[in-house]
Amino acid sequence: GADTLLDKYFCDVYYPTGTAAANLPPCESVKAEVTSDLTAPLPTLSLGDPTKPALFFVHGWPDSGAEFAAQFGGLCYGPAARFRCVAATWQNFHPDLPNAPLEELTLQTTIDKLAATMEAARLVDTTFVIHDWGSFVGYQLMWQHPHLMNRTISFDIGSGGHPSVTYQGQNAIACDTHNSIPSMTSARYWDAPCPDCATWRTAWPYATNVSFRGLVPKLRPPKTKPLLFVWGNMTRGKPRGKESLFFDNAWLEFVESTPHGRVVSGTGDHW
């Protein structure tokens with residue numbers, strides 16, 4: 001059946017174009033091979049041979065499983081691909097699905113649903129790939145369900161640092177008032193690839209008095225899992241300053257203390 005994330009956002013919003021796409025197959029070819037499952041505990045997009053090592057992706061705000069279109073094309077497309085890709089989409093982040101019941105809009109429920117989705121996908125030798133809120137939730141999942149992944153790649157979100165939190169307050173207002181203007185404005189300001197995705201219904205993680213119910217968060221993942229931390233050194237077209245860093249030097253040292261732990265920075269932003 002139809003899936004707007006696949007039919008629209010996968011190629012039109014998230015797949016690289018121009019020189020960035022030089023080493024990737026045509027998006028339409030990739031999209032034609034991707035499977036959508038709206039009936040899983042969390043809806044998924046998947047591509048590749050189920051017997052191959054898995055990459056399981058978790059997005060953050062204001063994105064969806066379609067955020068990882070380039071990784072699908074570069075790592076999981078075609079008979080020679082080394083990996084299978086599976087990307088989940090959180091409650092209230094899928095445009096084709098109704099709003100979740102309020103009691104399901106908690107980070108702990110997301111962790112539970114992600115774990116169930118990973119179990120249902122029957123993943124092999126799993127690399128856990130997480131970004132933004134997906135990183136925060138992913139670290140909790142690593143503690144609660146360590147058997148579900150063998151190693152982790154996290155983008156941009158660690159622990160420590162003193163980033164600007166203005167957008168977080170704006171997103172909380174968007175959620176509380178059912179008004180998408182504050183959250184869409186935040187997304188545009190930070191150059192999110194899909195500002196139109198930043199509807200009020202996706203802002204619920206920022207209503208922390210509700211979203212943190214039932215969760216005793218751990219600020220770092222287990223030290224026993226290999227961890228690769230990747231971050232971009234630019235924000236809004238300028239070299240990144242402390243106001244937009246979601247980690248500190250202690251975090252980078254922690255990453256390198258994990259088995260085979262490594263930090264990689266490159267030209268790019270939060271996305």
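## Basis

Residues are numbered from 1 along each chain as its sequence is written, and side-chain values use heavy atoms, without hydrogens and water. As the model is predicted, local features need pLDDT of at least 70 and side-chain atom pairs count only at pLDDT 80 or more, while totals for chains, interfaces and linings use all residues.

## The sheet

Eight strands form an open sheet. Their order is β1-β2-β4-β3-β5-β6-β7-β10, with mixed pairing. Strands (E, at least two residues) and helices (H or I, at least four) are DSSP runs, numbered from the N terminus. Two strands pair if DSSP finds at least two bridges between them. From one strand to the next, the twist averages 15°.

Strands β3 (54-58) and β5 (127-131) are parallel, with four bridges. Phe57 has Val129 of β5 as its bridge partner. Four bridges also link β6 and β7 (227-232) in the parallel sense. There, Thr152 is partnered by Leu227 of β7. β7 and β10 run parallel too, joined by five bridges. Gly232 stands opposite Gly266 in β10.

Contact means heavy atoms within 4.5 Å. Axes are lines fitted to C-alpha atoms, for helices over the stretch in contact, and angles run from 0 to 180 degrees between N-to-C directions. Helix α5 (133-144) lies across β3, β5 and β6 (151-155), at about 140° to β5.

The axes of α4 and α5 come within 10 Å and cross at roughly 70°. That makes α4 roughly perpendicular to α5 (65 to 115 degrees). On the α4 side, the contact includes Leu107, Ile111, Leu114 and Met118. On the α5 side, Trp133, Phe136, Val137 and Leu141 are among the residues involved.

## Asn92

Asn92 sits in the loop between β4 and α4.

The side chain of Asn92 reaches the backbone nitrogen of Ala100 at 2.7 Å. Beyond four places away in sequence, Asn92 touches Pro98, Asn99, Ala100, Leu105, Arg201, Thr202 and Trp204.

Notes:
Polar contact = N/O pair within 3.5 Å; in protein donor to acceptor, adjacent residues only side chain to side chain. Parallel < 35°, antiparallel > 145°, perpendicular 65-115°, else oblique.
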